[in-house]
Amino acid sequence: MRKLSLSQESESLSSKEFRTDRSVRMRLQSISGAGLSLLFMMAVLLLLAPFANAQVQNWGTPVFSDEFNGTAGVFTPTSSNNQFWTFETGKGVFGTGEIEDMINDGTTSFLDGNGHLVMKTYLSGGTYFSSRFKSQLIGGRGFDFQYGRVESSIQIPTSQAIWPAFWMLGDNGVSWPGRGEIDIMENNGAKPTQIKGTIHGIGYANTGLGAHFNSSTPFTNGFHTFGMIWSPFLIQFYVDDPTNIYASYTPGEVMGVGTNPGNGASTLGQWDFFGHPFFILYDVAVGGGFVGPPGPGTVVPQFMNIDYVRVYQTPAPASVTALTATAISNSQVQLSWGASATSASDPGITYNIFRSTTAGTAHNISNTDMTHMISTGVHGTSFTDVLLTPGQTYHYVVTATGQESGESPLSNEASVTLPSSGTNVQAIAINSGGLVGTDNFVQDIGYNLGATNAYPDVIDVSKVVNPAPQGVYRTERWGPTTYTIPNLTPGASYTVRLHFAETAVTAAGQRAFNVAINGATVLSNFDIFAAAGGEFIANIQQFNVTANSSGTLTIAFTLGTNGAPHTNPSLRGIEIIPATTPDFTISATPGSQTVAAGSNTSYTVAVAAKNGFTGTVGLGVSGLPSGASGSFNPTSISGSGSSALTVTTSSSTPAGTYTLTITGTSGSLSHSAGVTLVVTATPPQPPSNLTATATSSSAISLNWTASPTSGVTYDVFRSTTSGFTPSSSNQIASGVSSISFPDSGLTCNTAYFYLVEAANSAGTSAASNQATATTQTCPQIQPPSNLTATATSSSAISLSWTASPTSGVTYTVFRSTTSGFTPSSSNQIASGVSSTSFSDSGLTCNTAYFYLVEAANSTGTSAPSNQATATTQTCPPPTSVQINCGGPAVSPFVADEFFAGGGTINHANTIDLSGVTNPAPMAVYQTARIASFTYTIPGFTAGSSHTVRLHFAEIYWSAAGKRVFNVSINGTTVLTNFDIFATAGAKNKAVIEQFTGNANASGQYVIKFTPVTDNSLVSGIEVQ
């Protein structure tokens, strides 16, 4: 509802039946009337009912999100906090009648620093200003996506003529409305408790297809989550929770092919939400057709606060299985298939039916051509296709869709050629005016003349028995038209059910038309409103009729003749139901079985009687692979019942996947069901008589009797748990060609359990018997001896020892600063040492260390050696010291140390470092020690000469003379009445004072800071 100009809207509406004065768009805009508001509230409640127990996916982590968590500041096309969004600007240029000037200077879009993007709408100089931006992928910036769940947490504004929106547009290079538009949330500011979700495409651009959601409190009172779940043939809107779905739309609710009787213009809708990506938009408009112009109730400024936007995607559903197509008359095909495996986790999975007369092209569809898609939203795993051409060959595929982010892979293609004669027609259901069928109602077919239309209204179906799906009532074929239903049984009786709903006039006596079946008038000057008892209420008119001598029913809809203002017929759906003829259905479970060649498996075949059927149904099966046979027990069923189908294969049956067709026949009645049989090659027989014998403390020998199957190899499995299950995690050998195996490298004195399987190209056998053995007792390990420790530098000690008498050991080294310590993992410094020496480095100078060494092998560890000790050599004098005064470590400056007195400060001022050579890091100048204090820096050689560098920056005063202090080094004054500001010439500018001097007799530099005016201050000290 955000793109079309008012002039375009009027032009489009004037071509639609008599709706220039009653367009849905106009009706939505005038919904403030109490009676009509009540009708829409009822409609929304009715729409919510089917989704009360809606299931949602485990969506996981978003594939895209913007959390708007930056610091407070403007949000513009070039601001650093904007990663994805492109602004659209201009005044009155968006084609909806809105009057605001969309700008991007940051006054209408900014981050508040609390995790929200704020869109501000304000009035200045007689002009309203606001903002509008989009995620469209442009030059590598932005985000487009195809299918998924998108939601945004928003606190919307509300005031007369304020129009906030969160919406999407297609990015397929096509102009609006062919690109598709999805309005996830729109609000008329004069209605603070109501939002709307709508889709717009070709054929329903102006009005769109949408519904309202009403809240008990104004939406502006807090944040709400507005979301949409989009899969190829389903769009669902929700508020606050993905299970709270309040509107759902499919291609079955889009207008099909038609011709306007008034001007000859064609009418055809498109499902413009298939096969291309979309992008996200936000805007707050002022004025326009949806909200009307500003008035006394318009209050500005207004703010729309956006907490986040997130997009989630999940894998497409699994494909359906074993699709079969069976001719059940010369003009009807019965389809059956196995359910998608995804239906177990998503009960909302439905199926889409595609048909073509050319093999391999049934799924050749696009948003501009869905001719081959005959129905969507099909529940169950069967479908009857109707009004087909006798003698023609048809090809079908079926896909599954739900809330998942895509369409399942195609099923197998099922083909069938209809007989040229014969009837036995089953029930026919047509979605009049529909681009695509809905559930068991096929896409519009059999008509001549008439226009089509689509409406967003939800229809009250509570007053009729066996109503059509809601989507059927959302499309119509209107104007004079004739439906011809051929290939029926001449002279046979049928029930004709005509589905109506009035969505254009608001009172009885406003519309009247006539209906005749095979020339006999059945409805004269029929008034839908009067018959239904109101607008948006389903009405069904039912007639018992007889097919003519050609086996045809002709249903003619003609103009009314009683002088009503509007005389065009309007029809939503047609059902043709044969008089109750005894019949049956057949099904088989499970849908698929797997069997090894040479073995058997079974299916349960169920026959259900219909319309009082009492006959006997004979059973047969076809499609069996060579070497396989099938038998039924019992071989036939009377009325209703079940039979077990046993499929027995031979050892010569080829491995593969086969589609079996199970057929039930009773006289001229015949129905079938499809199942899948998967045959695998016969696995080998298992080995036997497995034995295990310990041959040492680390080895066990295995022996077994060969498998009776020739040409196999063996897989060996080991565990320390009896009764274990063989798996890849405990397999220790494969491809063993002999009937023995030595297992080595084991732990001494430990019980081990073994299994062996035979393997060949057909698979693996069952496991052998389990065998067990315990490795021999662990040998004792002797410790090393004569451990010595020698300091080799101020940070290293060298260890050496006499080897353990036990061969094949390595050594573990332990260290402590405490004599008599116990070796443990906490003081172990090396393991796996193969030599009898070890160099320990990285030690602290002038420190005593104590050492122990143990010998180790696979059986355990020895007692420790004797303890050895050494003290690292004297610490060398430092070469330089760098201190971050008053602050933490900032490499290469260490944290503040060696000080006495004073306090600290820190700040985030940016310091100008351009005037000094070799400045400290910026962070050093952003901390300081202040007041009166002394640094005593030790560790230097007495009398040694070093350079002292003092780092300063005035961060508080903005004039000279405000901070003055003295500095002395080892008692000698080096700075007198020092003024940082005066020396630097500016605030927040670095200054470095450098002096060369000797360390005192204690090897120290004593640097004293004495205030004169205000506090002394220093940021860093270096002694080099």
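Is arginine 149 buried or exposed? At 8% relative accessibility, arginine 149 counts as buried, where buried means under 20% relative accessible area, exposed over 50% and partly exposed in between (1.4 Å probe, protein chains only).

Before the close-ups, a word on what you are looking at. This is a predicted model, where local features need pLDDT of at least 70, side-chain atom pairs count only at pLDDT 80 or more, and totals for chains, interfaces and linings use all residues. Residues are numbered from 1 along each chain as its sequence is written, and side-chain values use heavy atoms, with hydrogens and water left out.

**View 1. Arginine 149 and its salt-bridge partner.**
Arginine 149 teams up with glutamate 151 in a salt bridge, with the closest N and O atoms 2.8 Å apart. (A salt bridge here is a side-chain nitrogen of Lys or Arg within 4 Å of a carboxyl oxygen of Asp or Glu.) Glutamate 151 is buried too, with a relative accessible area of 6%. Searching the whole structure turns up 17 salt bridges, and the next two views show others.

**View 2. Glutamate 253 meets arginine 474.**
In this salt bridge the closest N and O atoms of glutamate 253 and arginine 474 are 2.2 Å apart. The pair links distant parts of the chain, 221 residues apart: glutamate 253 is in the loop between strand S17 (245-249) and strand S18 (258-259), and arginine 474 is in the loop between helix H4 (470-473) and strand S33 (475-478). Those labels come from DSSP runs numbered from the N terminus: helices (H or I) have at least four residues and strands (E) at least two. Glutamate 253 is buried, at a relative accessible area of 5%, and arginine 474 is buried as well, at 1%.

Glu88, Arg132 and Lys134 are linked in a network of salt bridges. Zoom in on glutamate 88 and lysine 134: their closest N and O atoms are 2.9 Å apart. Glutamate 88 lies in the loop between strand S3 (86-87) and strand S4 (90-91), while lysine 134 lies in strand S9, so the pair ties together parts that are 46 residues apart in sequence. Glutamate 88 is buried, with a relative accessible area of 17%, and lysine 134 counts as buried at 11% relative accessibility.

**View 3. Two aromatic pairs.**
A pair of aromatic rings is described by the distance of the centres and the angle of the planes. For this count, rings of Phe, Tyr and Trp (its six-membered ring) pair if their centres lie within 6.5 Å; planes under 30 degrees apart count as stacked, over 60 as edge-to-face and the rest as tilted. The whole structure holds 40 aromatic pairs. One of them joins phenylalanine 133 and tyrosine 282, a tilted pair at 5.9 Å centre to centre with 45 degrees between the planes. Phenylalanine 133 lies in strand S9 (residues 132-134) and tyrosine 282 in strand S20 (residues 278-286), so this pair ties together parts 149 residues apart in sequence. Both phenylalanine 133 and tyrosine 282 are buried.
Then there are tryptophan 704 and tyrosine 714: their ring centres are 5.4 Å apart and their planes stand at 65 degrees, so the pair is edge-to-face. Tryptophan 704 sits in strand S52 (residues 699-705) and tyrosine 714 in strand S53 (residues 713-719), so parts 10 residues apart in sequence are tied together. Tryptophan 704 counts as buried at 4% relative accessibility, and tyrosine 714 does at 3%.

**View 4. An aromatic cluster, and arginines over rings.**
One aromatic cluster includes Phe64, Phe84, Tyr147, Trp230 and Trp271. Elsewhere, arginine 310 lies over the face of tyrosine 308, at 3.5 Å from the ring centre. Arginine 477 lies over the face of tyrosine 447, at 3.5 Å from the ring centre. (A charge sits over a ring if NZ of Lys or CZ of Arg is within 6 Å of the ring centre and within 35 degrees of the ring normal.)

**View 5. A four-stranded open sheet.**
The strands of this open sheet run in the order S42-S44-S48-S46, with antiparallel pairing. (Two strands pair if DSSP finds at least two bridges between them.) At the edges are strand S42 (583-589) and strand S46 (629-633), each pairing on one side only. Eight bridges join strand S44 (residues 600-610) to strand S48 (residues 641-648), and tyrosine 603 stands opposite leucine 645 in S48.
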